[in-house]
Amino acid sequence: MRRLRKFLNLTMSDRLLLLRALFLLGAIRLGLKLLPFQTLRRLLARMAQPAGRLQAVGKTSVDNVAWAVMVASHYIPGARCLAQALAIQVLLERRGYPTQLRIGFTRSKGGQMSAHAWVECEGRVVIGGMGNMIRYIPVPIQKVEGDEKNRWYLFS
């Protein structure tokens with residue numbers, strides 16, 4: 001009941017943003033399970049095309065979008081760094097913000113590998129910034145076909 005009250009106390013624009021983040025994260029989680037990564041990226045790149053009317057109404061702040069994705073991730077099982085990074089990239093790009101998705105790998109002292117995804121926007125990490133990011137070695141992947149602005153690629 002407390003969560004519902006908190007949700008209803010949000011502004012209408014924050015409620016809509018939170019619902020968009022929730023549905024997008026759910027779709028991305030499903031896509032990560034069912035689709036090849038490149039196919040999912042192509043679909044998300046199409047979804048990320050800026051919507052003119054959103055820009056005309058006014059931009060939602062980068063921090064608000066990050067907040068919505070972080071809150072929504074608590075309600076989608078398994079919505080960890082990659083799903084969150086893809087979701088925030090779509091939501092920010094639709095609002096006209098240029099973003100860059102990053103994926104990096106590191107190896108622990110015991111030799112176990114781990115991966116992490118994050119998104120940079122306006123010169124800073126907006127989601128996925130955790131501790132010592134310099135330890136992650138970036139992995140290059142191909143750009144997405146049809147992305148004329150080359151925003152949907154990693155470490156070219």
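What share of the contacts in the protein chain with a separation of 6 or more is accounted for by residues 24 or more positions apart? In this predicted model, such residues account for 63% of those contacts, and the views below take up individual parts of the chain.

**View 1. The whole protein chain, with its 6 helices and 4 strands.** Read from the N terminus on, the elements run α-α-α-α-α-α-β-β-β-β, so named here to orient the reader before the close-ups. The chain has 156 residues, of which 39% count as buried. It exposes about 9,300 Å², and carbon and sulfur atoms supply 58% of that area.

**View 2. A nonpolar surface patch that includes M12.** The patch, of about 410 Å², is made by M12 together with L16, L19 and F23. M12 lies in helix 2, which spans residues 12–34. Because its relative accessibility is 52%, M12 counts as exposed, the cut-off for that class being over 50%.

**View 3. The crossing of helix 5 and helix 6.** Two packed helices are described by the angle between their axes and by the distance between those axes. Here the axes of helix 5 (residues 62–73) and helix 6 (residues 81–94) come within 10 Å and cross at roughly 145°, and the crossing is right-handed. On the side of helix 5, the residues that take part are V62, V65, A66, V69, M70 and S73, and they meet Q84, A87, I88, L91 and L92 in helix 6.

**View 4. L86 in helix 6, shown with R29.** L86 is found in helix 6, and with a relative accessible area of 0% this residue is buried. Although L86 and R29 are 57 residues apart along the chain, their C-alpha atoms are separated by 9.9 Å.

**View 5. The salt bridge between R124 and D63.** Side chains of opposite charge can pair when their charged atoms come close. The count of salt bridges comes to 2, and one of them joins the side chains of R124 and D63, with a distance of 2.8 Å from N to O. This pair links distant parts of the chain, since R124 belongs to strand 3 (residues 124–127) and D63 to helix 5, 61 residues apart.

**View 6. The salt bridge between E120 and R102.** In this pair the side chains of E120 and R102 meet at 3.6 Å, again taken from N to O.

**View 7. E122 in the loop between strand 2 and strand 3.** E122 has a positive phi of about 55°, although this residue is not a glycine. With a relative accessible area of 55%, E122 is exposed.

Conventions:
Residues numbered from 1 in each chain as written. Predicted model: local features only at pLDDT ≥ 70, side-chain atom pairs only at ≥ 80, totals over all residues. Heavy atoms only, no water. Helix = DSSP H or I, 4+ residues; strand = E, 2+ residues; numbered from the N terminus. Buried < 20%, exposed > 50% of the residue type's maximum accessible area, 1.4 Å probe, protein only. Contact = heavy atoms within 4.5 Å. Areas by Shrake-Rupley, 256 points an atom, 1.4 Å probe, with all protein chains shown as cover. Patch = residues over 30% accessible without salt bridge, like charges linked within 9 Å, V, L, I, M, F, W, Y side chains within 5 Å. Salt bridge = Lys/Arg side-chain N within 4 Å of Asp/Glu carboxyl O. Axes fitted to C-alpha atoms, helices over the stretch in contact; angles between N-to-C directions. Left-handed = near helix turned anticlockwise from the far one by under 90°.
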